[in-house]
Amino acid sequence: QKEPLIQEYCFLSNTVCVDVTAFASFAKKVESSFEKCKDTKAASVVMGGFFPGLSGLLLKNAVGEMDSIHQADIALIQNISAVAGVTGMLDMFKIIQQPTQYGFGKEKANLPGFTKKNVVKPASSSRDFIARLIHHSEKEWLLEKMPLANIHYWTGWNSPAFNKVMYHLINTKWFNRWMQKPDHPLLKKIRKHTKPKDETAYLVVTVKGMEKGIEKQVEWHVKTFSDYGITAMMAAAVTDLTLKMNVKGVFHPAEIIKWEDISSKIIRNDVMISR
């Protein structure tokens with residue numbers, strides 16, 4: 001959707017709505033729709049998936065353990081074997097090419113997206129991965145709700161070669177052109193998926209700060225059979241919990257849902273979450 005027509009209909013019919021949008025600009029439109037529907041009794045949950053969604057929920061949990069925060073990082077390691085739809089791929093490519101910032105306060109530096117590197121060490125993986133700094137819209141939403149100066153978002157794929165290809169592609173004049181064409185041959189080649197393959201993805205949330213005058217670091221590690229699979233699981237779990245609440249308005253999952261309430265709905269044999 002370019003406009004939140006479904007969300008507006010849900011407001012008018014007092015129906016809970018959960019979406020997995022990755023863009024704050026769209027979430028702001030949902031808020032505008034809510035303002036038009038003053039008599040609604042419904043809640044609309046935005047960014048209710050894995051990344052964004054679970055990422056922000058775990059961040060809030062970690063932030064809540066500290067008195068002050070020095071640094072907050074969220075890193076997603078994607079899998080090149082994921083059965084990705086064209087829309088999902090294009091959304092991610094749009095995200096990684098956006099300019100971003102690194103640092104805090106006056107020390108913030110403006111950087112091109114997907115350039116600065118970081119080593120990510122998932123607890124349940126035998127290898128390390130390289131992720132690159134990106135601007136993610138969840139950051140815009142969470143910075144309005146949490147006592148944070150900045151949040152660094154990182155992503156990369158489990159293939160160093162693919163990461164290099166994407167880095168060079170987004171720095172070419174052709175990138176924006178073929179992103180506007182869902183039927184472009186290059187997109188079809190990237191998306192090719194002919195047989196079942198391992199789609200394991202990792203999420204690592206790290207928060208550094210102070211608690212009672214002592215330096216502290218909290219990490220959350222997620223290993224999932226598929227980032228698309230856990231996105232669907234999160235959306236279903238968020239819907240179930242929201243239906244049981246007496247809330248109305250527009251929310252990110254982290255604003256209305258506690259980790260202990262949702263953990264039992266998404267942790268299973270092929271989804272490992274630890275800290």
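Modeller: Two residues are in contact when heavy atoms of theirs lie within 4.5 Å. The model is predicted.

Biologist: Which residues does K139 touch, not counting residues up to four places away in sequence?

Modeller: K139 is part of helix α5. With residues up to four places away in sequence left out, the residues it touches are T100, Q101, N150, I151 and Y153.

Biologist: Which side chain of opposite charge is nearest to K139, and how far away is it?

Modeller: K139 is buried and has no salt bridge. A salt bridge needs the side-chain nitrogen within 4 Å of a carboxyl oxygen. The nearest side chain of opposite charge lies 8.3 Å away and belongs to E140.

Biologist: Which backbone oxygen does the side chain of K139 reach?

Modeller: K139 has no salt bridge. Its side chain does reach a backbone oxygen, at 3.5 Å, and that oxygen belongs to I151.

Biologist: How many salt bridges does the count come to?

Modeller: Side chains of opposite charge can pair when their charged atoms come close. With the cut-off of 4 Å between nitrogen and oxygen, the number of salt bridges is 11.

Biologist: How many residues apart in sequence are the parts tied together by E144 and K28?

Modeller: The side chains of E144 and K28 form a salt bridge, with N to O at 3.2 Å. E144 lies in helix α5 and K28 in helix α2, so the pair ties together parts whose separation in sequence is 116 residues.

Biologist: Is E144 buried or exposed?

Modeller: K28, its partner in the salt bridge, counts as partly exposed at 33% relative accessibility. Exposed means over 50%. E144 has 52% relative accessibility, so it counts as exposed.

Biologist: Which helix holds E255, the salt-bridge partner of K145?

Modeller: The side chains of K145 and E255 meet with N to O at 3.7 Å. K145 is in helix α5, and the two residues are 110 residues apart. K145 is partly exposed at 39% relative accessibility, and E255 is partly exposed at 30%. The helix that holds E255 is α10.

Biologist: How far apart are the closest N and O atoms of E65 and R275?

Modeller: E65 is in the loop between α3 and β3, while R275 is in the segment after β12, 210 residues apart. R275 is exposed, with a relative accessible area of 53%. The two residues form a salt bridge, and their closest N and O atoms are separated by 2.3 Å.

Biologist: Which residues are linked with E65 in a network of salt bridges?

Modeller: E65 forms a salt bridge with R275. The network links E65 with E211, K216 and R275.

Biologist: Is F114 buried or exposed?

Modeller: F114 is in the loop between β5 and β6. Its phi is positive, near 65 degrees, in a residue other than glycine. Buried means under 20% relative accessible area. F114 has 0%, so it is buried.

Biologist: Is K212 buried or exposed?

Modeller: K212 is not a glycine either, and its phi is positive, near 55 degrees. K212 sits in the loop between β9 and β10. Its relative accessible area is 75%, so K212 is exposed.

Key. Residues numbered from 1 in each chain as written. Predicted model: local features only at pLDDT ≥ 70, side-chain atom pairs only at ≥ 80, totals over all residues. Heavy atoms only, no water. Helix = DSSP H or I, 4+ residues; strand = E, 2+ residues; numbered from the N terminus. Buried < 20%, exposed > 50% of the residue type's maximum accessible area, 1.4 Å probe, protein only. Lys, Arg positive; Asp, Glu negative; His and termini not counted. Polar contact = N/O pair within 3.5 Å; in protein donor to acceptor, adjacent residues only side chain to side chain.
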